[in-house]
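Open the model in your viewer and show side chains. This tour goes from one selection to the next.

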Amino acid sequence: MTFISVPYRRLLCAVCLLLVSSFCSAKEHPSYLSPKYCEGVVDQFVDYGMRSLDRYVNHDFKPEYRGGIRNTIDFLHQRSEWLHECDDYLADTSHGNVFYNKKLTHDIFLAITELARELQHVRDGVEYPDDAGGNNPAPFIKRRYDTLAKLVDRHHTRMLMKKQFQ
């Protein structure tokens, strides 16, 4: 004796499957992720990573050395992946964002992407003519780096102020 006809039973089963699958499709994060770990990743990028980038862009950048450019692009991609992973984890666990707020986090990720893209253009041989007619990509790279550095400094300053009032 059935109370529900076959088409309605199928519909009910489909709805049940959708509900169960939506509960089962929650993101799983690696077990090493924690707010403290992510804070360490951010601190490492803000401190060592930015100092390393500053030294490269302002002292060691030479367009003819493609290997150094490749290494810097790889460095930026790797740090971006780590920071994105932490940002996803922190957002999913209601701990906020990896940087001070959502907008600043988005802007920093965008600045990292833009710096890596500009370096890739140099690596690919794109010409950056200067006033003397020579190829000089350094001002363009420095401009991209300065944008990133200002955003990271904004995050760092806000975090220092937050710690001061805790």
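Is Tyr 37 buried, partly exposed or exposed? Select Tyr 37: its relative accessible area is 33%, so it is partly exposed. Keep in mind that this is a predicted model.

The structure holds four aromatic pairs. In one of them, the ring centres of Tyr 32 and Tyr 37 lie 5.3 Å apart; the planes meet at 70°, so this pair is edge-to-face.

Next, select Tyr 128 and Phe 140. They form a tilted aromatic pair, with 45° between the planes and 4.9 Å from centre to centre. Tyr 128 sits in the loop between helix 4 (102-123) and helix 5 (138-164), while Phe 140 belongs to helix 5, so the pair ties together parts 12 residues apart in sequence. Check the accessibility of each partner. Tyr 128 is buried, with a relative accessible area of 6%. Phe 140 is partly exposed, at 29%.

Finish at the contact. From helix 4, pick residues including Leu 104, Ile 108, Leu 115 and Val 122. From helix 5, the contact residues include Phe 140, Arg 144, Leu 148 and His 155. Colour the contact of helix 4 with helix 5 by residue class: 13 residues are nonpolar, six charged and two polar.

Methods
Residues are numbered from 1 along each chain as its sequence is written. This is a predicted model: local features need pLDDT of at least 70, side-chain atom pairs count only at pLDDT 80 or more; totals for chains, interfaces and linings use all residues. Side-chain values use heavy atoms; hydrogens and water are left out. Rings of Phe, Tyr and Trp (its six-membered ring) pair if their centres lie within 6.5 Å; planes under 30 degrees apart count as stacked, over 60 as edge-to-face and the rest as tilted. Buried means under 20% relative accessible area, exposed over 50%, partly exposed in between (1.4 Å probe, protein chains only). Helices (H or I, at least four residues) and strands (E, at least two) are DSSP runs, numbered from the N terminus. Contact means heavy atoms within 4.5 Å. Ala, Val, Leu, Ile, Met, Phe, Trp, Tyr, Cys and Pro count as nonpolar, Asp, Glu, Lys and Arg as charged, and the others, Gly among them, as polar.
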